[in-house]
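Me: I have a two-chain structure open and want to go through its architecture. Can you take my questions as they come?

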Number of protein chains: 2
Amino acid sequence: MAEPTPNPAPPAETPEVAGEDAGPSKKALKKAEAKAKKEAEKAKRAAERAAATAQANAAAAEDHATGNYGQETHETKLSEDATEISLKTLNDEHLGKKVKLRAFLQNARMQGAKMAFVELRETGNWAIQGVVAANADGSVSRQMVKFIGSVNPESFVVVEATVEKPLEPVKSCRVSNYELHLTKLFVISSAPAMLGMTLSTANKAVTNFSDEEAPAEAPVEGVEKLSISGEVSGPPAASMLTHLDNIVMHKRSYVQQAIADIRVEVKHLFRSYLREHGFKEFEPPCLIAAASEGGANVFRLPYFEKEAFLAQSPQFYKQIEVLAGRKRVFCVGPVFRAENSNTPRHMTEFTGLDLEMEVTDYQEALHMLEGVLLHIFRTIKKTCADEIALVRSVYPSEEFLLPEEGKEVRLTFAEGQKLLREEGPEEFRNVSDFEDMSTPQEKALGALIKKKYNTDFYVLDKFPSDARPFYAKEDPTNPKVTLAYDMFMRGQEILSGGQRIHDPVELEARLRTKGVDPKSPGIREYVDLFRQVGAPPHAGGGIGLDRVVAWYLNLPSVHLAAYYPRTPKRLLP
Amino acid sequence: MAEPTPNPAPPAETPEVAGEDAGPSKKALKKAEAKAKKEAEKAKRAAERAAATAQANAAAAEDHATGNYGQETHETKLSEDATEISLKTLNDEHLGKKVKLRAFLQNARMQGAKMAFVELRETGNWAIQGVVAANADGSVSRQMVKFIGSVNPESFVVVEATVEKPLEPVKSCRVSNYELHLTKLFVISSAPAMLGMTLSTANKAVTNFSDEEAPAEAPVEGVEKLSISGEVSGPPAASMLTHLDNIVMHKRSYVQQAIADIRVEVKHLFRSYLREHGFKEFEPPCLIAAASEGGANVFRLPYFEKEAFLAQSPQFYKQIEVLAGRKRVFCVGPVFRAENSNTPRHMTEFTGLDLEMEVTDYQEALHMLEGVLLHIFRTIKKTCADEIALVRSVYPSEEFLLPEEGKEVRLTFAEGQKLLREEGPEEFRNVSDFEDMSTPQEKALGALIKKKYNTDFYVLDKFPSDARPFYAKEDPTNPKVTLAYDMFMRGQEILSGGQRIHDPVELEARLRTKGVDPKSPGIREYVDLFRQVGAPPHAGGGIGLDRVVAWYLNLPSVHLAAYYPRTPKRLLP
């Protein structure tokens with residue numbers, strides 16, 4: 001049987017005594033006097049504490065509830081007839097029943113000496129109020145109430161209780177129509193007396209995403225200003241650095257759990273939709289022998305007697321799969337960029353959702369990519385409605401607008417530039433059809449398209465050759481542009497794709513036009529693939545998962561959408 | 001309209017002429033004579049060729065089928081009323097219908113001057129015979145037959161045809177009850193005249209898995225001798241290096257496609273089963289700040305001004321997820337080991353299937369892991385029966401035996417050692433209950449268990465502390481062992497798991513017992529996690545996906561189960 005463990009007393013103060021060589025001065029005497037006074041007070045307090053402890057011990061002697069609370073050990077037993085409940089499925093049938101629940105105790109407070117309230121959280125923001133009151137038969141003692149009322153927030157506990165209707169709905173908990181009348185509570189694992197970050201702070205909007213230490217009151221550098229409400233009330237908000245230093249509390253916040261749940265669904269829907277459309281998953285390697293796309297921003301590492309690189313994209317590998325007759329493939333995995341950019345939009349490791357397919361016309365791939373994204377957006381709007389609302393309560397954003405079915409917005413790059421020239425801001429009056437768009441251009445075009453077509457999602461097709469990598473296939477009807485596209489969310493690129501050159505002669509010619517030696521490392525092996533066999537024409541695209549989640553929710557940083565954001569200055573936790 | 005492109009003529013011979021200073025000797029005269037004779041023959045042959053070409057050109061002038069064959073261009077048109085077919089779903093309703101098919105031409109041969117046969121493969125070993133015969137109306141000409149009969153194997157083509165019943169079942173193709181009577185054939189992408197590795201060779205069992213170049217006839221070093229049939233017939237088999245140098249042909253082989261299909265299903269079943277059991281997927285990072293498990297065999301890389309490591313396991317991250325209240329999590333992703341082992345069992349990058357869950361008893365996790373593996377094995381036996389049979393036709397193996405439901409084999413480590421001592425080979429008569437098993441011990445135990453319980457899959461539980469990492473929780477009823485288990489397939493470990501210490505004080509004590517400084521880099525951050533909050537008790541395990549696939553099929557090397565095997569000497573392709 002477990003003894004109740006009281007909270008540890010604060011550590012005794014050990015004032016530093018400075019060495020003094022001279023005899024007692026006036027100042028020293030005054031100091032000694034103050035010291036004596038202080039020590040007298042200290043002794044008094046110690047005596048009071050001793051008396052209180054004696055009283056408590058006397059009371060404990062009379063405690064008939066010692067088997068019903070305390071620290072859990074492997075010998076702790078709960079009633080076998082108590083039903084294990086989950087808060088999401090709690091209902092009227094449980095009323096009056098004896099139940100048990102394992103949960104995080106997120107709050108505890110005494111109400112007088114005989115009653116205490118707690119909030120027990122199972123997952124996300126699914127919490128319920130628990131009440132414990134000393135009773136006449138002694139099965140709940142005052143000591144037990146006091147113990148429960150002083151459990152450190154964020155401890156993990158197990159309770160036994162009966163389910164009751166509260167006198168009025170409990171506003172502070174998501175489960176507002178039931179409460180638990182506790183008959184037992186054991187602390188399975190105690191949180192520290194002082195949390196590095198409280199749950200309230202963890203649930204506030206992150207104030208700052210800089211990698212540099214900065215004052216917490218620094219303004220939020222949102223990707224979209226719209227994301228953050230200006231008002232600050234209640235407990236203070238914290239910077240991303242504080243959140244990452246307190247990773248467990250960061251992740252216990254309901255806003256992070258909601259974001260994680262949405263991310264889980266996006267990945268799942270990507271896979272299930274593609275499976276239904278005949279795609280097969282495969283796994284490209286992370287360790288590769290040559291920098292995959294040109295060599296800039298690539299991580300290098302010693303690899304036995306050689307050097308290895310971390311893959312920047314699965315591009316070549318998904319092409320190999322199609323060349324090998326796999327017809328339609330996708331992969332979901334990490335990709336790496338050694339870019340020293342310290343912005344809320346950048347990470348050094350992120351998750352790519354990639355697909356590649358044999359095509360007769362590159363539009364098949366474009367429609368597949370557009371189709372899977374629209375499927376994801378339309379589905380999560382319904383299946384993650386709760387989670388989206390939760391995120392918006394912390395990071396306000398406007399609803400993500402989608403085109404009606406059959407009215408998808410697909411502009412050519414040239415049409416996009418024309419729109420910018422004719423209806424965009426002054427500075428874009430002379431943009432060219434043959435030069436890539438800048439980020440401000442993309443954003444301005446996003447705003448124009450939203451106004452004109454009422455959608456936050458759209459496709460730009462047929463990019464000019466100069467704006468695409470060497471493997472992009474030229475449009476046979478107009479060699480100034482390629483069969484390559486980007487897709488956008490709220491004016492920000494989340495996908496690049498297109499048809500790839502599958503003829504080795506055409507590929508070599510294009511490489512030379514681009515000023516790349518077809519015999520250079522990595523490139524030669526790539527070109528040779530198309531010489532091994534006859535290659536089916538193919539197209540595909542790559543989606544940034546972190547961006548899809550972040551921009552759908554209009555989060556102020558992509559770091560919030562990642563599980564463990566990696567930035568040039570941060571690899572912890 | 002495309003002109004048929006004949007196969008390129010072999011390059012003209014350019015014999016080297018050695019410089020000769022002296023006047024014509026007897027020998028030199030003889031040589032000159034021979035040379036003259038040779039050149040006369042050459043001229044004769046040239047004249048014959050010219051005559052043949054002239055004849056061919058004349059015939060070409062009469063060719064009324066030029067629109068029905070040749071190299072495809074973007075202007076090539078197929079009949080709009082032809083139905084696009086897939087070989088897997090071809091049926092009697094297609095008989096007599098005009099269809100089209102895009103496929104790899106895996107074989108072509110002339111039958112006289114007016115008829116040719118081809119084999120058209122869609123995916124895996126799904127191939128069908130095509131026949132083309134010159135006809136009276138000229139829509140199929142002799143030239144067209146000749147063109148089709150000389151298409152290089154492994155070119156990618158599109159055909160238009162009518163579906164017919166063959167006179168007798170076609171033995172050489174999986175689709176044996178139908179054949180295609182070709183009316184059009186265009187080469188979309190031509191294979192080279194000489195393949196680096198033919199499909200027949202690609203479909204043979206790999207002869208050698210050494211990273212060192214070795215003669216192709218070297219004996220197969222199988223993990224299990226049973227895997228390889230001794231007999232060699234037909235085209236030669238090749239080493240793994242040859243396969244990797246010809247990656248596209250390697251992957252076009254039906255045996256590799258079948259292995260890939262099985263791997264896809266294993267991953268899918270792992271995810272779907274866990275989702276149904278309330279698990280949420282998450283993504284651990286690959287780039288980490290400190291070596292995750294002790295520092296040996298870890299890849300290091302320069303990371304801006306610091307150093308980074310590649311994760312050896314997602315262990316700490318899945319624990320963070322459970323501490324954060326995610327209850328049940330899993331992840332599927334790459335892990336890295338910088339181990340300089342050149343064996344058919346080792347790779348430097350492989351795919352981990354990991355789960356972690358909050359538990360009241362560690363057996364919940366053990367049962368979940370056992371459950372998901374049995375679910376995978378039972379399901380693929382049915383859904384991948386074809387693929388398993390295909391693999392066995394190249395890599396023969398005995399069926400993978402499973403325990404009956406409710407009769408799962410779970411021995412303690414001590415029971416396993418006892419079995420070895422009492423019924424195992426002589427050399428294991430004195431094995432200890434408190435020392436880890438060697439690989440030969442594991443294999444011997446696997447054989448004993450198979451004999452005794454008729455299963456190739458089983459669990460060893462309660463490993464001694466010395467055999468487990470510092471975070472393994474001790475058995476409260478017997479502190480000499482841990483609540484940790486391994487799972488085995490055909491006597492080979494594929495899973496390690498157990499309950500983890502969730503109390504920071506217990507964790508520090510164990511670290512000191514193991515001789516690890518709790519303040520060392522990586523370790524300190526880990527211990528601190530458990531101080532941030534109250535941590536739920538949790539357990540889990542990690543499965544090696546490559547091994548599960550390889551040992552289920554009893555392949556001679558785990559490299560065959562990987563998409564792009566990474567070994568200390570090989571990073572290509």
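Predicted model: local features only at pLDDT ≥ 70, side-chain atom pairs only at ≥ 80, totals over all residues.

Me: Pick a pair inside it. In which sense do strand 18 and strand 19 of chain B pair?
Reply: Antiparallel, over 6 bridges, between residues 484-489 of strand 18 and residues 492-500 of strand 19 in chain B. Within that pair, Phe488(B) stands opposite Glu493(B) of strand 19.

Me: What is the strand order in chain A?
Reply: In chain A, 8 strands form an open sheet in the order 8-12-13-20-19-18-15-14, again with mixed pairing. Its edge strands are strand 8 (280-281) and strand 14 (410-412) of chain A.

Me: How many bridges join strand 15 and strand 18 of chain A?
Reply: There are 5 bridges, in the antiparallel sense, between strand 15 (residues 457-461) and strand 18 (residues 484-489) of chain A. Tyr458(A) has Phe488(A) of strand 18 as its bridge partner.

Me: Which strands does helix 6 of chain A lie across?
Reply: Helix 6 (residues 254-276) of chain A lies across strand 8, strand 12 (328-336), strand 13 (349-358) and strand 20 (538-544) of chain A. Its angle to strand 12 of chain A is about 150 degrees.

Me: Helix packing next. At what angle do helix 6 and helix 14 of chain B pack?
Reply: About 125 degrees, with the axes of helix 6 (residues 254-276) and helix 14 (residues 545-552) of chain B 10 Å apart. The two helices are therefore oblique to each other. Their crossing is right-handed.

Me: Which residues make the contact?
Reply: Helix 6 of chain B supplies Ile259(B), Arg263(B), Val266(B) and Lys267(B), and helix 14 of chain B supplies Leu545(B), Asp546(B), Val548(B) and Val549(B). By class that is 5 nonpolar, no polar and 3 charged residues.

Me: How do helix 6 and helix 8 of chain B cross?
Reply: At roughly 135 degrees, with axes that come within 9 Å. That makes helix 6 of chain B oblique to helix 8 of chain B. This crossing is right-handed. Residues in the contact include Val266(B), Leu269(B) and Phe270(B) of helix 6 and Val372(B), His375(B) and Ile376(B) of helix 8 of chain B. The contact has 10 nonpolar, 3 polar and 1 charged residues.

Me: Helix 8 and helix 9 of chain B, what crossing angle there?
Reply: Roughly 85 degrees, and the axes of helix 8 (residues 363-383) and helix 9 (residues 385-394) of chain B come within 5 Å. Helix 8 of chain B is thus roughly perpendicular to helix 9 of chain B. Among the contact residues are Ile380(B) and Thr383(B) of helix 8 and Ala385(B) and Ile388(B) of helix 9 of chain B. The contact divides into 3 nonpolar, 1 polar and 3 charged residues.

Me: Last topic, the backbone. Is the peptide bond from Leu572(A) to Pro573(A) cis or trans?
Reply: Cis, with omega near -5 degrees. Pro573(A) is in the segment after helix 14 (545-552) of chain A. In chain B, the bond from Leu572(B) to Pro573(B) is cis with omega near -5 degrees.

Me: Is phi of Glu154(A) positive or negative?
Reply: Positive, near 75 degrees, in a residue other than glycine. Glu154(A) lies in the loop between helix 2 (142-149) and strand 6 (155-164) of chain A.

How values were computed:
Residues numbered from 1 in each chain as written. Chains lettered and ligands numbered in written order. Heavy atoms only, no water. Pairing = 2+ DSSP bridges. Helix = DSSP H or I, 4+ residues; strand = E, 2+ residues; numbered from the N terminus. Axes fitted to C-alpha atoms, helices over the stretch in contact; angles between N-to-C directions. Parallel < 35°, antiparallel > 145°, perpendicular 65-115°, else oblique. Left-handed = near helix turned anticlockwise from the far one by under 90°. Contact = heavy atoms within 4.5 Å. Nonpolar A, V, L, I, M, F, W, Y, C, P; charged D, E, K, R; others polar.
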